[in-house]
Amino acid sequence: MSSTNQQWWESLSPQWQQAFSLTVLKKDSPPTEEDLEAILNSTVLRLAGPTAPHPNCNLELTDLSGVIALKNLQILIVSHHALTGIKEVAGLPALKALFV
């Protein structure tokens, strides 16, 4: 596994590791290099919290720190979470749509 991608994964907070495992990877086992590449190259990310009409994330995220490295992200949907700000999206150069 690429040490850079592995270091990125290990630097994520537990809530973000869990969120990616639930919504992108859809598995509990540790991510492979291919899994990490898929996350890091995502163009669309939907994270609907537990109280959303169609939830795909059973925890409420408290920040958007997990998206900072997703430089290809074009659409971000983050609903029904406990966010207090969205400053983390300021550094996403490809972002075209944000739904919060």
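Student: What should I know about the model before reading residue numbers and values?
Tutor: Residues are numbered from 1 along each chain as its sequence is written, and side-chain values use heavy atoms, with hydrogens and water left out. The model is predicted: local features need pLDDT of at least 70, side-chain atom pairs count only at pLDDT 80 or more, and totals for chains, interfaces and linings use all residues.

Student: In what order do the strands of the open sheet stand?
Tutor: The order is β1-β2-β3, with parallel pairing. Strands are DSSP runs (E, at least two residues), numbered from the N terminus, and two strands pair if DSSP finds at least two bridges between them.

Student: Which strands are at the edges?
Tutor: β1 and β3; each has a single partner strand, so one side of each lacks a neighbour in the sheet.

Student: How many bridges join β1 to β2?
Tutor: Five, between residues 44-48 and residues 75-79. Val 44 has Ile 75 as its bridge partner in β2.

Student: And how many between β2 and β3?
Tutor: Three, with β3 covering residues 97-99. Here Phe 99 in β3 stands opposite Ile 77.

Technical notes. Helix = DSSP H or I, 4+ residues; strand = E, 2+ residues; numbered from the N terminus.
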